[in-house]
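The following note sets out numbered points on the structure shown below. Each point takes up one region or one property in turn.

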Amino acid sequence: MKKAIVNKNECVACGVCEKVCPRQAITIFHGIYADVNEDLCIGCKKCEKACPASVIQVVQKEVAS
Amino acid sequence: MKKWNEYLWMFSAVYMTLGFFNILFAWIGMICFITPLLLSIIGKGKIYCNSYCGRGQLFELLGGRLKLSSNRSIPAFIRSKWFRYGFLAFFMTMFAIMVFSTYLVFNGTNNLQEIVTLLWTIKLPWNWTNTSTVSPWIAQFAFGFYSVMLTSTILGLITMFFFKPRSWCVYCPMGTMTQGISMLKYRRKVKQNGTPSKRNS
């Protein structure tokens, strides 16, 4: 499964990813960084493309059994 | 249906235009300074950036829908902490100097200078507005504040053009400040929360 991963330390918490996410899988954690709910994330890369700071990467993740 | 706050880009566009015709409209821009700070102080985080920032929406529109952005990744140093806080410090220093020059006009040391300063260096004569209806210091602050707003809009447009549409958001001093306030307010929660990805697995 592909999932979005946020570099929290460099995230500016602007909320652009939250806006473009078609599954509402991203929330801004108390205005500090973007928090991805991996249960909802479908790895569509919309957030990766939109992120102005380029701190989101969609990577292959192993499926939890 | 679109919500009212999705049209706030018009506010930004109208604001910059009004300031061009009558500098005193620059005062309205204080809303863009006070609202995000208040919202983050009362614990709403950076909701202003995402939901109410007209400038962000304007860049999104110009760079996204009108395709004026090259959509490249921003250089890594711009999103680094030292650059963001450094830019904030620089911005605040220039702002303080501007407030001080307003004070000098207020106490009569200096006369009103009808000049808009672009990028902190280029002085543009801006004397087509009749400002005699208000106290000189009110007009002086308007000139200074409009300079701040115009300069940051131009920087934002440049980075929008070269990088992603909302690149301004990466180093926006207001954004850095509201994030800083949120960090101070919620530092315990951040420690408890740990790595978000761990929590979900």
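1. Cys47(A) is placed in helix α2 of chain A. The model under discussion is a predicted one. Cys47(A) has 26 C-beta neighbours inside 10 Å and therefore counts as buried, the threshold being 20 or more. Setting aside neighbours within four places in sequence, Cys47(A) is in contact with Ala4(A), Cys17(A), Val20(A), Cys21(A), Ile26(A) and Ile56(A). Cys47(A) and Val36(A) are separated by 11 residues in sequence, and their C-alpha atoms are 10 Å apart in space.

2. With neighbours within four places in sequence left aside, its partners are Ile26(A), Ala34(A), Cys47(A), Ala50(A), Cys51(A) and Ile56(A).

3. Which residues touch the most other members of the largest nonpolar core? They are Cys17(A) and Ala34(A), in a core of 37 residues. From chain A, the elements that give two or more residues to this core are β1 (2-6), α1 (16-20), β2 (26-29), β3 (33-36) and α2 (46-50); from chain B they are α3 (47-52), α4 (54-65) and α7 (168-171). The largest share comes from α7(B), with four residues. There is also a second, separate core of 12 residues, with Ala26(B), Ala139(B), Phe141(B) and Phe143(B) among them.

4. Chain A as a whole contains two helices and four strands, arranged along the sequence in the pattern β-α-β-β-α-β. A compact globule of 65 residues would have a radius of gyration near 11 Å, and chain A agrees with this because its own value is 11 Å. Along the principal axes, its C-alpha atoms fill a box of roughly 35 × 20 × 20 Å. Of the 65 residues in chain A, 48% are buried. Among the contacts in chain A with a separation of 6 or more, 58% are between residues 24 or more positions apart.

5. His30(A) deserves attention for its backbone: although not a glycine, His30(A) has a positive phi of about 45°. The residue lies in the loop between β2 and β3 of chain A. Is His30(A) buried or exposed? His30(A) counts as buried, because 22 C-beta neighbours lie inside 10 Å.

6. Lys67(B) is likewise not a glycine and has a positive phi, of about 55°. Its position is in the loop between α4 and α5 of chain B. Lys67(B) has 10 other C-beta atoms within 10 Å and is therefore exposed, the limit being 12 or fewer.

7. Helix α5 of chain B covers residues 81-106, and its 26 residues should span 38 Å at 1.5 Å a residue; the end C-alpha atoms are 37 Å apart, which agrees. Its buried residues are Arg84(B), Phe91(B), Thr102(B) and Val105(B). Just after α5(B) comes Gly108(B), with a positive phi of about 85°.

8. Helix α1 of chain B, residues 8-21, gives a similar check: at 1.5 Å a residue its 14 residues should span 20 Å, and the end C-alpha atoms are 20 Å apart, in agreement. Which residues of α1(B) are buried? They are Ser12(B), Tyr15(B) and Gly19(B). These residues lie on the same side of α1(B), because they cover an arc of only 60° around the axis. They pack against α4 and α6 (136-162) of chain B. The exposed residues Thr17(B) and Phe21(B) are carried on the face of α1(B) turned away from the buried side.

9. The last point concerns the two chains together. In the contact between them, 26 residues of chain B meet 24 residues of chain A. On the side of chain B that touches chain A, at least two residues are supplied by each of α3, α7, α8 (173-193) and α9 (196-200). Which of these gives the most? It is α8(B), with nine residues. By class, this side of chain B has eight nonpolar, 13 polar and five charged residues.

Note on methods. Residues numbered from 1 in each chain as written. Chains lettered and ligands numbered in written order. Predicted model: local features only at pLDDT ≥ 70, side-chain atom pairs only at ≥ 80, totals over all residues. Core = buried A, V, L, I, M, F, W, Y, C linked by C-beta atoms within 7 Å. Contact = placed C-beta atoms within 7 Å. Rg over C-alpha atoms; globule rule 2.2 N^0.38 Å. Expected span 1.5 Å × (residues − 1). Arc of directions from axis to C-beta. Nonpolar A, V, L, I, M, F, W, Y, C, P; charged D, E, K, R; others polar.
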